[in-house]
Amino acid sequence: MTNRSKTAAPDSRLRTAPRRVLVVSHSHPDLSKGGAEVAAHQLFRTLKGSPDHEAWYLGCVRDAGNAKLGASLSQPYSDHEYLYACQGFDWFKFANLDAEFPNEFRALLNDLKPDVVHFHHYLNVGVEAFLHVRETLPEAQIVLTLHEYLGICHHYGQMVTRPARSLCSEASPLRCSRCFNEFSPSDFFMRDMYIKRFFDVVDQFIAPSEFLAERYVTWGLPREKMTVLENVLPVPTSTAPVARTASKGPLRVGFFGQISVLKGINVLFEAAEILEEQEQYGVVFEIYGDHSGQPPEFQQDFLTRLAKVGRNVKFMGPYEQSRVDALMRSVDLVLVPSVWWENSPVVIQEAIRNRRPVICSDIGGMAEKVRDGLDGMHFPVGNSVALAHLLSQLVEDRTVLGALGDSIRPAVDTAMLTNEFKRLYQAPGSELSSRRTAKAQS
Amino acid sequence: MSSSSVSIQNDDDRSTDVLLFGEQQLGYVDSYGYNVSLGGWFLIGWTARPFKMDPPATIEVHIEDQRRRVVAESSLIFFERTDLEHTRVGVLLFVPGSSRLFGVLRQFSFTLDEVTYAAKTGLVTPRRESGDILEMARTILLGQALGTENRDQLLALCMRPCFVGHETLNTLSEAILLEVDQAIPCPPHGLLLKGWLLAPMGSIRRLTLRSGGRSGTIDIAKALRIARPDVISAVGAERGYSETHSGFAAYVPDAWSPGDVTYLEIELESGEIAFKPIRISHNSGLSAIREVLDGLKIPDGALDGAFDHTLGPAVATLNAARLAAPASFETLRFGDSVETPIVSVVVPLYGRIDFFEYQMALFSRDPEYARSDLIYVLDDPTKREALLPLANSVYERFRIPFRLLLMRENRGFAPANNVGLSVARAPYVCFMNSDVFPLSGGLLAGLSARLSQDAGIGVIGPRLLFEDGSIQHEGCYFRPLKEFGHWHFIDHHHKGRRPSPASGLKAFEVITGACMLMRRELAVELGGFDERYIVGDFEDSDLCLKLRAKRLRAVVDTELSAYHLERKSQVAPSQSWRMNLTLYNAWVHERRWFMSPTKTTPV
């Protein structure tokens, strides 16, 4: 038997009882540092720290070595955190094939009796988890934060075609089958039916950007179930005032995050090369990030390009999340040259809170989160010539950068954001929750 | 003279009562052997001499080998032997039949004028080779045998040219080019030959297939002739032949003896005879059917004849043999189904078992499926290992009770559905394809309610839609196709068009078997789907026509819909057998319901 929390579930109809929230994610920050699991865990910690809430966290672990024989749920971190050792997952339609999971999950739900189950992903637990919640706790509210476009797009949820990697605006069975010709259009039709069957059970969707929200509404999610709210990030530890950007010396351009083709690393390399050719020595690129998770061919390519690069590019290697503020403050602006739509890149939020202007591609979530000419500047996606030109101009006229520094929007107020989430969680006994109960019992 | 009866103990303790004439001993078998060419056994020895030695044309002989006794018809010939006393006489029997009629000979006996004569083998009695025993028989028949009609006939048989195991076509004065590429056994005794033949017009008098005592003529005039350009370019042209349709397929229904040497005897008008050995294919069941139908492009206008005389009987025989034993299957239960379900849903699974997972996920949207008697039938043993954990996982995920029937071998659409029907228990049964996904809520309740309100409806189905919402099926009609002998094929009304507004029930000649609901007892009465249709084709039409014969209608309820992701079956050139299989099913359907065979006269 797993060691389950012994917290008694009070009568959830009483207003004074704390609201019980179970946050579900597909991983755990201890195991990986992706945006979703970091945001999920941050939400859990924030809620747990609030006097009027009780919170639990359920994450997943994929490596079988961690599984304790006979028990798929374990608690290696604290008595409010659970880890599910997943066995068998269908990545095409996000189905959890593990025959033990439904029972284990339902038992956990019955133990904890949450008022709200907030999913920050359905990978590893499977989309059927929404149904398990609905059937076990008819009155619970089911919330899902959408992190990328996985439900819509089988290409890692990035809505970029394969193999050309051109931008894609809308899915259809025929077009998806062209990207993946091992699957027929019928397969994509069925995938869509399967995923939507379970998404139908979700009460509330949260999109970190308007852009992502629109994509999902176009795909078929009801607009009335959609709310746009940023992810809650860990609160920065440094409270030192932020230095203004330097007015002379080389312009330091920082790239932060995962080093991959879709994050636009090659656009950076090409722009650097163009500036070198033009003998524009006023720009220096500093790359902070990790390439080790990429396919071998990409890593090979990356290292080859690094070797050929001029003096204006420096590879600084991976960085600890706790150092990101200090690192960002050491550069003049942050470059986000992604060649895919993005949603709400954490790096942009981090740059904003450190008062660093963001230079980014003019599409998707990036263009939404960075107001052109105010929070930073846009350049046409993938266009290294335009990027080089833009950076050149910023070197020539340092006042532009100064002005941007002043006009950057304030950082997201974590406390206010957290309150938004709390308001979103419906009070039990509300009209919406009793309608749900009636439906589940029919 | 007095006679006494003695019980002879045989090796296996069965006793044989033998009437001895005076103090004569039991007779003796000097030699025996099987001749492949004639297709029969020669038994040579001696017995007591009967009063009258004029046996009938055929006489029953009891033969005992090391294990058992068999009874067969034989020709009996007596002959004088100088090495024996006068009370004994030589006997020669010819027993046509299979080389497997018996094993090691122990004794044979026959009864003449109510007296039984027997002969026993000794320790040194040899079994002779095919050629040797024939030579011995010939010598006896020419020399010492008593001149009777039996002797004359058997002698004539033995003096014919003999197949000695190899081809002798090149000994003929005419240039006959003949190859048999495949000889497919159609149990119990049929053989379908495929090959090619080049011969001067009118040169061949008769083609006979011989095998273990059986024989059958091949009527080349009625055989299916197909184009073989490879033959002309390889051998025909250099011999002056320009015949394009040298290929043939011919069916001989009763001439093959399993386990025996099989050969063709070619007799020319000139009287010359040549032989050709035939290698029998090892295929059976569905792969034999495939071998029969593969690589045959039936020429225009030859369709009726091809199926009536050749392919039809061959495939029908193979199919009957393959389905002779009752279907064997294992039943797994997941969850407990309700006490009194209204509808049993039968879904055959083949190939794409993941359809089952998708279907169950969508069934979980509607409580009526958990209240039905769901029966999935796996007609694909190769998928068994993958399906078992999936079924378990699906049950735990969606909690819809169902039964899973695992067939031991692949049998096809009709047998799989019938197996499901055999275990169904609700008053209504719905046959549903695995790639049908309900769109309307309460689909089963709606269909069964309509059915219960109108006793004149035999079968009912919903509208079926493609993924894009256009019509996949809303009733079928017959369309005779000129390119296929004007046989009636089945087309769907409005296929691919946008659906018109729903307008209640519409009756049709045929509705598709992809989703059809009917009273279970009626389905059982009709025998379910007819298993003469192979793999999957026309059986739904057959069912609807049976209903029509009982004055019951087939209707579509346009108010209810489901998706049907009809897979396009690519018929690649290598898949010509699949096309021919569809033609076979169309032929069965056509002959039963539309046009009987036209009389054909030899050209």
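Where in chain B is the place of Pro188(B)? Pro188(B) sits in the loop between β11 (177-186) and β12 (190-198) of that chain. Helices (H or I, at least four residues) and strands (E, at least two) are DSSP runs, numbered from the N terminus.

This is a predicted model, in which local features need pLDDT of at least 70 and side-chain atom pairs count only at pLDDT 80 or more, while totals for chains, interfaces and linings use all residues. Residues are numbered from 1 along each chain as its sequence is written, chains are lettered from A and ligands numbered from 1 in the order in which they are written, and side-chain values use heavy atoms, with hydrogens and water left out.

The peptide bond that leads from Pro187(B) into Pro188(B) is cis, and its omega is near 10°. Chain A has a cis peptide bond between Arg162(A) and Pro163(A), with omega about 5°. Pro163(A) belongs to the loop between β8 (141-145) and α4 (173-179) of chain A.

Next come two residues with positive phi. Asn124(A) is not a glycine, yet its phi is positive, about 70°. The loop that holds Asn124(A) runs between β7 (116-120) and α3 (128-136) of chain A. Asn124(A) counts as buried because its relative accessibility is 2%. Buried means under 20% relative accessible area, exposed over 50%, and partly exposed in between (1.4 Å probe, protein chains only).

In chain B, Phe538(B) is found in the loop between α11 (520-525) and α12 (539-549). Phe538(B) has a positive phi of about 70°, although it is not a glycine. With a relative accessibility of 6%, Phe538(B) counts as buried.
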